[in-house]
Amino acid sequence: MVDTQDPVVTMKQEVGKAAARRVQSDSVVGLGTGSTTAFAIQYIGERLKTGELKNIVGVPTSFQAEVLARKYGIPLTTLDVIEKLDIAIDGADEVDPQKNLIKGGGAAHTREKIVDSLADLFIVVVDQSKLVTKLGSTFALPVEVLPMAITPVMHQLEKLGGKPELRMGVKKDGPVVTDQGNLVIDVKFDSIDDPASLEKIINNIPGVLENGLFVGLADIILVGSIQDGKPVIEEK
Ligand SMILES: O=C(CO)[C@H](O)[C@H](O)COP(=O)(O)O
């Protein structure tokens, strides 16, 4: 259960709400994945319920987002019937000063990249600990891979200087399986000097579906921190 008294939880809640307040009536909204975005989805649902927001449809980036959207009464649509989104709200695992991201801590980065990249406005919700000067400094880069290609892809990632590890389940024996039925390799790089070219190089390895580098996609970063015991939100 979520501890609503925990200041970190309160701060995540406030960041999620701040992003949800940017959603306007008559819009198509990308619904991200993760614990921070979950609060944004909840608050969009609450604004719909009170009538403050009208005529919203969501595009979920994962099974988790879909379940939450249904729980909070947000109607859903698919990319087959819309051309673009007005706004997307999503979390991140690392954010650099150029607003480039590492995502995929929840193994949802493939669908997240599709949805977030189609949004006119992509808002990222994070806490201060996610800000880094260089991507890769704290977090391993998630790469979604077709199961049959795991071994050759690992070899290629090692040749790029990474240390690849197959992501294993928690409270589930065996590897994590994505919403698409694939596996995730987390690759630790000492540092990622050129995220734009690494994103392309990794995606060019046969068997790789998508990696968690989001380059040049984010428009606004909402950063939460706790100051004097209170949540503070800063916009970058
Ligand atoms: O990329 C993601 C899922 O694939 C998440 O957005 C990312 O892991 C951040 O999650 P949280 O808000 O729980 O820290």
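Helix α1, which covers residues 7–20, consists of 14 residues and extends 20 Å from its first C-alpha to its last, close to the 20 Å expected at 1.5 Å a residue; the expected span of a helix is taken as 1.5 Å times one less than its number of residues. Here helices (H or I, at least four residues) and strands (E, at least two) are DSSP runs, numbered from the N terminus. The model is a predicted one, in which local features need pLDDT of at least 70 and side-chain atom pairs count only at pLDDT 80 or more, whereas totals for chains, interfaces and linings use all residues. Residues are numbered from 1 along each chain as its sequence is written.

Of the 14 residues of α1, 10 are buried, so the helix is largely enclosed by the rest of the structure. A residue is counted as buried if 20 or more other C-beta atoms lie within 10 Å of its own, as exposed if 12 or fewer do, and as partly exposed in between, with C-beta atoms placed from the backbone. The buried residues of α1 include Met11, Val15 and Ala18, and among them are also Lys12, Glu14 and Lys17. Their cover includes α2, β3, β6, β12 (220–227) and β13, where two residues are in contact if their C-beta atoms, placed from the backbone, lie within 7 Å. Thr10 is also located in helix α1, but this residue is partly exposed, with 18 other C-beta atoms within 10 Å. Although Thr10 and Gly224 are 214 residues apart along the chain, their C-alpha atoms are separated by 9.8 Å.

An open sheet of 6 strands shows mixed pairing and the order β2-β1-β3-β6-β12-β13; two strands pair if DSSP finds at least two bridges between them. Its edge strands are β2 (56–60) and β13 (230–235), each of which pairs on one side only. On average, and with direction ignored, neighbouring strands of this sheet are turned by 20° against each other; axes are lines fitted to C-alpha atoms, for helices over the stretch in contact, and angles run from 0 to 180 degrees between N-to-C directions. Strand β1 (residues 27–31) runs parallel to β2 and is joined to it by 5 bridges, with Ser27 standing opposite Ile56 in β2. Helix α2 (residues 35–50) packs on this sheet and touches β1, β2, β3 (85–91) and β6 (119–127), its direction making about 135° with that of β3. Helix α4 (residues 109–117) likewise lies across β1, β2, β3 and β6, and runs at about 145° to β3.

At the other end of the strand order, β12 and β13 run antiparallel and are joined by 6 bridges, and Gln227 stands opposite Lys230 in β13. The hairpin of these two strands has 2 residues between them, and Asp228 in this hairpin takes a positive phi near 50°. Most residues other than glycine have a negative phi. Asp26, in the loop between α1 and β1, has a positive phi near 60° and counts as exposed, because 10 C-beta neighbours lie inside 10 Å. Lys99, in the loop between β4 (94–95) and β5 (101–102), has a positive phi near 70° and is partly exposed, with 18 other C-beta atoms within 10 Å.

The ligand is surrounded by 17 residues, of which the closest are Gly34, Ser35, Gly91, Gly105 and Gly106; a residue is near a molecule if its C-beta atom, placed from the backbone, lies within 6 Å of it. At least two residues of this shell are supplied by each of α2, β3 and α4. The shell divides into 3 nonpolar, 10 polar and 4 charged residues, where Ala, Val, Leu, Ile, Met, Phe, Trp, Tyr, Cys and Pro count as nonpolar, Asp, Glu, Lys and Arg as charged, and the others, Gly among them, as polar.

An open sheet of 4 strands has antiparallel pairing and the order β8-β9-β7-β10. Strands β8 (163–166) and β10 (208–211) stand at its edges with a single partner strand each, so one side of each is left without a neighbour in the sheet. Neighbouring strands of this sheet are turned by 30° against each other on average, direction ignored. Strand β7 (residues 141–145) is joined to β10 by 3 bridges, the two running antiparallel, and Asn211 in β10 is the bridge partner of Val143. Helix α5 (residues 150–159) packs on the sheet and touches β7, β8, β9 (183–188) and β10, with its direction making about 15° with that of β9. Helix α6 (residues 195–203) also packs on the sheet, touching β7 and β10, and its direction makes about 160° with that of β10.
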